[in-house]
Amino acid sequence: MSVILVFLALITAIAGWWLSRQRLMSKPWLEAGPVTAFPETEAPIVHPAKLGLGVFLAVVGALFALMISAYFMRMVYADWQPAPVPGLLWLNTAMLVLASVALQCAVVAAHKGQADNLRLALLAGALTSTVFLGGQLLAWRDLAAQGYFATENPAVSFFYLITAMHGLHIIGGMVALGRTNVRALRGESAARLVLSTELCAMYWHVLLVVWLVLFAVLMGWAADFIDICRRLLS
Amino acid sequence: MVDVTPHGADLIPPAEVGEMDLYHPHSWWTKYVFSQDAKVIAIQYSGTAMAIGLVALVLSWLMRLQLGFPGTFDFITPEAYYQFMTMHGMIMVIYLLTALFLGGFGNYLIPLMVGARDMVFPYVNMLSYWIYLLAVLVLVSSFFAPGGPTGAGWTLYPPQAITSGTPGGQDWGIILMLVSLILFIIGFTMGGLNYVVTVLQARTRGMTLMRMPLTVWGIFTATVMALLAFPALFVACVMMLFDRIIGSSFFMPAIVEMGEQSPHNGGSPIMFQHLFWFFGHPEVYIVALPAFGIVSDLISTHARKNIFGYRMMVWAIVGIGALSFVVWAHHMYVSGMHPYFGFFFATTTLIIAVPTAIKVYNWVLTLWRGDIHLTLPMLFALAFIVTFVNGGLTGLFLGNVVVDVPLSDTMFVVAHFHMVMGVAPIMVVFGAIYHWYPKITGRMLNEAMGRFHFWVTFVGAYLIFFPMHYVGLVGVPRRYPELGDTAFIPPSVHTLNEFITIAALTVGFAQMVFLFNLFWSLRNGKDAGDNPWRATSLEWQTAGTPPPHGNFGKELPVVYRWAYDYSVPGAPEDFIPQNDPRPMTQGGPA
């Protein structure tokens with residue numbers, strides 16, 4: 001459970017930093033007045049949708065941190081055999097990176113009001129993500145063709161579970177990205193698409209980071225890294 | 001006066017309608033059924049939670065009938081007993097208490113108390129309720145599935161949860177339970193995002209975090225915790241579904257079942273326990289923190305006195321929330337662990353008692369020399385404090401490894417967690433309903449029925465659970481549908497069991513009176529007016545009662561003070577609403 005605890009420590013640090021700026025030391029019983037010296041309740045600094053997505057991504061982070069925790073917990077058992085990771089995953093990873101880059105370009109285009117570039121970038125983001133999902137399916141078939149099913153080896157079970165969970169999150173994001181694409185193709189102005197594009201890009205960036213961590217875990221690098229850390233400590 | 005900006009109220013931009021896009025219902029369906037108004041969603045959540053809670057109440061009667069009068073009722077077989085036990089526990093903890101505190105009170109009170117027109121994502125909020133309802137329906141459907149609901153115990157420990165010896169283990173029971181939990185978590189996450197973002201972003205002018213009523217602090221912190229803890233249950237449920245349906249071996253070790261080697265191999269049941277309790281322990285505080293917050297407001301309002309140590313109360317809520325994530329393994333002492341781990345978790349468990357005790361002291365000190373009105377909400381709040389202290393003290397026993405190991409599998413634990421997590425929060429639920437029903441409906445609940453309900457529930461709960469501690473200390477094991485002739489169990493235990501059963505049936509009957517009261521008072525209750533309790537917080541200062549769509553009429557209120565200005569010296573009345581601009585504080589005229 002160390003992974004989830006590290007993740008929660010991170011969340012706690014962010015929450016603690018935020019709380020420390022909320023004047024928790026104030027004495028509200030002595031402070032009647034129009035507004036206290038505190039601009040925060042006057043106007044939201046972040047758009048609610050962005051904050052909402054941020055909170056949701058924290059939940060997603062907790063979900064994957066827990067899965068990695070379970071993976072590591074299972075890994076220390078004597079009968080553990082690492083799963084063969086299809087080489088295709090490298091290509092898929094590249095696709096997801098491209099999708100993230102494309103959506104970042106879309107954000108830039110939306111801010112500059114370049115409708116054509118925005119449409120192109122959004123479409124590229126959707127396409128590369130679809131290729132990623134297809135590639136993940138092919139990787140599953142690859143594994144199955146080699147005779148690895150979800151029941152044989154716990155590492156393989158974890159592989160299917162983790163990739164399926166991540167894929168489902170991408171599919172959920174595709175709904176939002178698809179809607180943004182449709183709105184862009186219908187000729188909505190770039191300025192009105194800024195928020196949706198930014199939200200999509202934010203979601204994709206975080207899911208990319210999550211995927212890179214998961215990839216490292218599945219490849220066994222994360223375990224090696226922890227091993228090295230442990231040796232350095234002891 | 002400290003830290004107040006020099007400019008006056010006239011510099012604050014007016015908060016006209018339309019600054020926040022409100023969804024306006026156009027038909028009966030969108031107004032009452034597929035409503036996006038948090039107040040309607042709150043009532044839908046509460047109604048559904050109480051309806052399914054009623055099922056769990058009936059299940060507890062059946063269990064008590066079996067324990068008090070074993071063998072009298074033919075249809076309560078051992079399998080049925082385990083199914084009743086499982087469903088009772090799961091429904092009460094998750095589908096009743098969590099849904100009621102966060103979905104019910106959260107939806108109703110957060111927007112009103114922070115001065116918002118609605119939740120920030122009303123559509124997502126509506127979806128949250130309908131997914132919750134779907135989860136409840138899936139859960140209920142397991143009663144009618146072949147093989148009946150799961151009888152794995154509410155903790156659903158593998159491997160027994162999905163083996164053939166357990167009711168529902170190889171039938172639909174466990175699958176429907178897991179699917180229902182997954183749906184519940186998805187629905188809750190949608191609602192939870194709303195509660196968090198609304199508190200962070202939709203507060204009205206002047207409503208700083210440190211001016212929020214403690215109810216909002218409690219619900220807010222509990223929601224943050226739930227958002228981070230429920231994924232653990234989600235992961236556990238998905239992995240167990242894999243084990244059950246696909247035949248993977250996340251949790252399932254190699255076992256010989258009915259003389260045959262099961263297809264599973266090498267899974268770790270302990271891994272499930274870690275995941276489950278990583279959710280399960282924070283869950284205790286997900287239920288308790290809203291109760292802490294609400295009870296603080298009830299006590300302050302009905303004792304006409306400002307809450308003692310507001311800052312300390314806020315810090316304690318946040319502190320308990322953070323600490324509760326590092327105590328989960330104290331539920332697993334009997335599963336065996338490294339002694340240092342046991343030591344660590346026992347220590348963190350005992351440390352949680354510190355902020356909790358601070359809260360209890362502050363409640364008591366709020367009451368001290370207060371103008372205590374023994375109204376129904378106050379009675380329930382007092383009952384909560386007493387019960388919570390009782391249940392909390394036995395928690396200190398059980399938090400120690402050496403005490404927990406012999407007691408863990410006895411009725412002592414059942415008595416402990418029912419006191420601290422069952423009776424105590426339910427007392428707050430009742431107190432809160434008596435307190436806010438006048439705002440929700442415009443009418444007061446009937447006082448005579450309410451007092452009957454209170455005394456029977458309060459005294460009855462003690463008659464049920466106090467003897468149960470002794471039954472546990474004698475060594476009566478929990479989870480057994482029938483004790484039979486066991487040498488070390490004295491005959492007095494059997495008499496006591498009959499007594500407990502009769503008390504449980506009586507308390508259950510009192511809840512029917514309460515439910516009747518809810519409906520009866522809707523039509524026949526005394527007219528409440530806008531602010532029957534003469535309370536300060538914003539929900540009592542709305543444009544009408546019940547509050548209209550958009551809550552506050554044309555202009556949002558502006559907040560000038562905290563929520564606890566009761567009995568301020570020199571003030572014309574003994575309460576000053578939060579949106580009252582007069583510069584009068586607890587420290588005297590400012």
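**Chains A and B: their contact and two helices**

Good morning. In this predicted model, 59 residues of chain B are in contact with 45 residues of chain A. On the side of chain B that touches chain A, the elements giving two or more residues are α5 (173-201), α6, α7, α8 (310-323) and β3 (584-585) of chain B. Which of these gives the largest share? That is α6(B), with nine residues. By class, this side of chain B has 38 nonpolar, 16 polar and five charged residues.

Let us turn to chain A and its helix α1, residues 2-20. At 1.5 Å a residue, its 19 residues should span 27 Å, and the end C-alpha atoms are 26 Å apart, which agrees. The buried residues of α1(A) are V3(A), I4(A) and L8(A). Why do they line one face of the helix? Seen down the axis of α1(A), they fall within an arc of 125°, so they share one face.

The face turned away from the buried side of α1(A) carries exposed residues, namely S2(A), V6(A), A9(A), A13(A), G16(A), W17(A) and S20(A). What covers the buried residues of α1(A)? The cover includes α2 (48-75) of chain A, together with α6 (214-246) and α7 (269-302) of chain B.

Finally, I consider helix α5 of chain A, residues 154-185. Its 32 residues, at 1.5 Å each, should span 46 Å; the end C-alpha atoms are 45 Å apart, in agreement. After α5(A) comes G187(A), whose phi is positive, near 90°. Thank you.

Definitions and conventions:
Residues numbered from 1 in each chain as written. Chains lettered and ligands numbered in written order. Predicted model: local features only at pLDDT ≥ 70, side-chain atom pairs only at ≥ 80, totals over all residues. Helix = DSSP H or I, 4+ residues; strand = E, 2+ residues; numbered from the N terminus. Expected span 1.5 Å × (residues − 1). Buried ≥ 20, exposed ≤ 12 C-beta atoms within 10 Å, placed from the backbone. Arc of directions from axis to C-beta. Contact = placed C-beta atoms within 7 Å. Nonpolar A, V, L, I, M, F, W, Y, C, P; charged D, E, K, R; others polar.
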